[in-house]
Amino acid sequence: MTDQKPSSRREAILHALLELLETDPGARITTSVLARSVGVTEAALYRHFPSKRKMFEALLEFAEEAVFSRCQVILQEQEDVRVRLQQLVHLVLVFGERNPGLCCVLTGDALVGENEALRKRASQFFERLETQVRQTLKEGEIRQGLRPRTSATRSADFVLVFMEGRIQRFIRSSFTRLPTADFDESWGLVADSVWG
């Protein structure tokens, strides 16, 4: 989202919000700071978004659409479940790497002090990913006879810990430790832990 030029005021507001999250991770962003960043009044912000919560929800919707629509393409195009799972994980890490400010929203770091329902909404992103990973692992058992070392549920949990850990480390390092760094080697270790 941050790589494209905004085509509307609404998009400009969301881009500015992401840039603020990226330049000062962990800082609480007020509507007055955001309005100054966009070059409009707070009233103008509210003409496009009735609340800051709606801004964050728009960002979450963007992330869900971008990631899960591409997940569906991978699921349709890739037959081998091991490759499919690797591509799904890589997709999420590349998405996070390209959208650092959005990582702060997805992990809830940018939502501290915001509405509890909004934080729950953000956590649904990873819950949905975990469900997708679990289904992929179960499909591997059925179609390819791939037996995880443990249950599909525990294996999916392990894969999610890997993804979330990489994204959290990216945020914690002020976006210097890239989630995709040494991905093939790291994924080899994860895959060996999942299937043995």
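Close-up 1. The buried residues of H9 are Phe 183, Ser 186, Trp 187, Val 190, Ala 191, Val 194 and Trp 195. Seen down the axis of H9, these buried residues fall within an arc of 150°, so they line one face of the helix; the arc is that of the directions from the helix axis to the C-beta atoms. An α-helix has 3.6 residues a turn, so residues three or four places apart point the same way. H9 has 13 residues and reaches 18 Å from its first C-alpha to its last, close to the 18 Å expected at 1.5 Å a residue, the expected span being 1.5 Å times one less than the number of residues. Helices (H or I, at least four residues) and strands (E, at least two) are DSSP runs, numbered from the N terminus. The model is predicted, and therefore local features need pLDDT of at least 70 and side-chain atom pairs count only at pLDDT 80 or more, whereas totals for chains, interfaces and linings use all residues. Residues are numbered from 1 along each chain as its sequence is written, and side-chain values use heavy atoms, with hydrogens and water left out.

**Close-up 2. The ring pair of Phe 162 and Trp 187.** Rings of Phe, Tyr and Trp (its six-membered ring) pair if their centres lie within 6.5 Å, and planes under 30 degrees apart count as stacked, over 60 as edge-to-face and the rest as tilted. By this rule the count comes to six aromatic pairs. One of them is edge-to-face, formed by Phe 125 and Phe 126 with 5.2 Å centre to centre and 90° between the planes. In the pair of Phe 162 and Trp 187, the ring centres are 6.3 Å apart and the planes stand at 55°, so this pair is tilted. The pair links distant parts of the chain, with Phe 162 in helix H8 (residues 152-172) and Trp 187 in helix H9 (residues 183-195), 25 residues apart. Both Phe 162 and Trp 187 are buried.

**Close-up 3. The aromatic cluster of Phe 68, Phe 125 and Phe 126.** Ring pairs link these three phenylalanines, Phe 68, Phe 125 and Phe 126, into a cluster. Phe 125 counts as buried because its relative accessibility is 2%, and Phe 126 likewise counts as buried at 6%. Arg 128 lies over the face of Phe 68, at 3.9 Å from the ring centre; a charge sits over a ring if NZ of Lys or CZ of Arg is within 6 Å of the ring centre and within 35 degrees of the ring normal.

Close-up 4. Cys 71 is in no disulfide, and the nearest cysteine sulfur, that of Cys 103, is 15 Å away. Cys 71 is buried, with a relative accessible area of 1%. Cys 104 is also in no disulfide, its nearest cysteine sulfur, that of Cys 103, being 6.8 Å away. Cys 104 is buried, with a relative accessible area of 2%.

**Close-up 5. Positive phi values at Phe 175 and Asp 182.** Most residues other than glycine have a negative phi, and most peptide bonds are trans. Phe 175, a residue other than glycine, has a positive phi near 70°, and its place is in the loop between H8 and H9. Phe 175 counts as buried at 14% relative accessibility. Asp 182 lies in the loop between H8 and H9 and has a positive phi of about 50° although it is not a glycine. Asp 182 is exposed, with a relative accessible area of 58%.

**Close-up 6. Residues 30-49, annotated in UniProt.** An unreviewed UniProt entry carries the annotation "DNA-binding region" for residues 30-49; UniProt positions are given in the numbering used here, feature names are shortened, and annotations may be inferred rather than shown by experiment. The end C-alpha atoms of residues 30-49 lie 14 Å apart, and the span is 75% helix and 0% strand. Thr 31 lies in helix H2 (residues 31-38) and is buried, with a relative accessible area of 12%. Thr 31 and Lys 52, 21 residues apart in sequence, are 7.2 Å apart in space, C-alpha to C-alpha.

How values were computed:
Buried means under 20% relative accessible area, exposed over 50%, partly exposed in between (1.4 Å probe, protein chains only). A disulfide is a pair of cysteine sulfur atoms within 2.5 Å.
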